[in-house]
Amino acid sequence: MKKYTITIIMVIAFAVILYVILHNFLSEDKSTVNKSNSETQDAISKEPEANTDTIAYGLYNAEGKYIDNGSKLTAENNVVNVNVSIDHNLNEQREYGLIVLEDFKQASFNIENKKEATKQYLFTMSPNTSKNIGVKVPVNLNTQELTFLLTKKPSYKLKEMNPNKAAILGEVLSMRYPLDHNNNLANLKETKPDDIIKDGLNENMFITSDRQKLKSVITEKEGKTLSFSVGNDTEKPLRYAIIALKDWKQTDVTESKKVLYTTVAASERQLFDFKLPHAKKDSNFQLIAFPYPYQVSKDNYESQQAFGSFRTVVEPSNHPE
């Protein structure tokens, strides 16, 4: 398998958009689903031609060999040395962001031959171009999982309700890999939810302003108490690791929880109350849920995924109305 392409996300994006429409928290007509938008024209809601209107991405080792998503990475002298490859087959210039998580905590890494480490790397790609990014990640001896996340238009702040833009911007492109260490799932301390609901609205991750239904939050003031819903639409219990990012820097999910672990029973969803973080300026905020933490494998496609909420723009409390 050579790189993941965004074409497989078409069905997911369409399902998310249709879902929110059916539950009346978007005011857009269903016809907007198949429209290309000049701000975020991934064209993922139509069937693309070969090598057009797609994003292909993947990980390669230092020798240029493709590394299957979910296969084991090996650290040499406690450093993982890889190349992140992205093919931007779109007729627009676009900014991307790269972050790395070590056991679901944001890690520092080096780009190319730069000596100064960073925790986020922003780069812009011209239409129909490719890029290989050399990445070196120092890891701890007991690290179990390494995750590379690509975000689309990380500086763009969506402040109006648009279902197509919300679905595209909310999606994160994930590359998850185990390291050569034994997994110890017994030591994971899970957080008890504030509520458990069985209503069929089992989106993997959703920030809502209404406990009784999924009502999206596009903009909101800092410190506002909201809820997030994490669901399981399968027939077996599903464990998640959940993180929060503010302008692509990790922040607490709930009070003092940088990583929140929970297991959701089959056909249920859990609600957790949380407060939006402090913001000196308008900031992008997103929650991301990782299924099967520390159990990622080549044979379980869902274990390789990352489910992002729609982005919320957090405004300072003195922001003008």
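In the predicted model, strand 12 and strand 19 (residues 268-275) run antiparallel and are joined by three bridges. Within this pairing, Ile-197 has Arg-269 of strand 19 as its bridge partner. Both strands belong to an open sheet of four strands, in which the order is 12-19-15-13 and the pairing is antiparallel.

The loops on either side of strand 19 were examined next. Ser-267 is placed in the loop between strand 18 (260-264) and strand 19. The phi angle of Ser-267 is near 55°, which is a positive value in a residue other than glycine. With a relative accessible area of 40%, Ser-267 is partly exposed. Lys-281 lies in the loop between strand 19 and strand 20. Lys-281 has a relative accessible area of 57% and is exposed, because the threshold for this class is over 50%. Along the chain, Lys-281 and Ser-317 are 36 residues apart, and a distance of 9.5 Å separates their C-alpha atoms.

A positive phi value is also found at Trp-248, a residue other than glycine, where the angle is near 70°. Trp-248 is part of the loop between strand 16 (238-246) and strand 17 (249-251). The relative accessible area of Trp-248 is 5%, so this residue counts as buried, the limit being under 20%. Gln-304 is located between strand 20 (283-291) and strand 21 (307-308). A polar atom of the Gln-304 side chain lies 3.4 Å from the backbone oxygen of Lys-298.

Strand 2 (residues 54-61) has seven of its eight residues buried and is therefore largely enclosed by the rest of the structure. Strand 2 runs antiparallel to strand 4, and eight bridges join the two. In this pairing, Ala-56 stands opposite Asp-87 of strand 4. Strand 2 also pairs in the antiparallel sense with strand 3 (residues 66-67), over two bridges; here Tyr-60 is opposite Tyr-66 of strand 3. The hairpin of strand 2 and strand 3 has four residues between the strands, and Gly-64 takes a positive phi near 90° in this hairpin.

Rolling a probe the size of a water molecule over the atoms shows where empty space is left. The second largest pocket contains about 240 Å³ of space. The lining of this pocket is formed by Asn-61, Ala-62, Glu-63, Ile-67, Lys-72, Leu-73, Thr-74, Glu-76, Val-79, Val-80, Asn-81 and Val-82. Strand 4 (residues 79-89) contributes four residues, the largest share of the lining. By residue class, the lining divides into six nonpolar, three polar and three charged residues.

In helix 2 (residues 163-170), eight of the eight residues are buried, so the helix is largely enclosed by the rest of the structure. The buried residues of helix 2 include Pro-163, Lys-165 and Gly-170. The N-terminal end of helix 2 is capped by Asn-162, a side-chain oxygen of which lies 3.1 Å from the backbone nitrogen of Asn-164.

Lys-152 is found in strand 10 (residues 145-152) and is buried, with a relative accessible area of 0%. The side chain of Lys-152 is joined to that of Glu-171 by a polar contact of 2.7 Å. Lys-157 has its place in the loop between strand 10 and helix 2. In the case of Lys-157, the relative accessible area is 29%, and the residue is partly exposed. The C-alpha atoms of Lys-157 and Val-313 are separated by 6.5 Å, whereas the two residues are 156 residues apart along the chain.

Note on methods. Residues numbered from 1 in each chain as written. Predicted model: local features only at pLDDT ≥ 70, side-chain atom pairs only at ≥ 80, totals over all residues. Heavy atoms only, no water. Pairing = 2+ DSSP bridges. 1 Å grid on protein atoms, 1.4 Å probe; cavity = no way out; pocket = protein on both sides within 12 Å on 5 of 7 lines; lining within 4 Å. Points joined across faces, edges and corners; volume = space filled by probe spheres on them. Nonpolar A, V, L, I, M, F, W, Y, C, P; charged D, E, K, R; others polar. Buried < 20%, exposed > 50% of the residue type's maximum accessible area, 1.4 Å probe, protein only. Polar contact = N/O pair within 3.5 Å; in protein donor to acceptor, adjacent residues only side chain to side chain.
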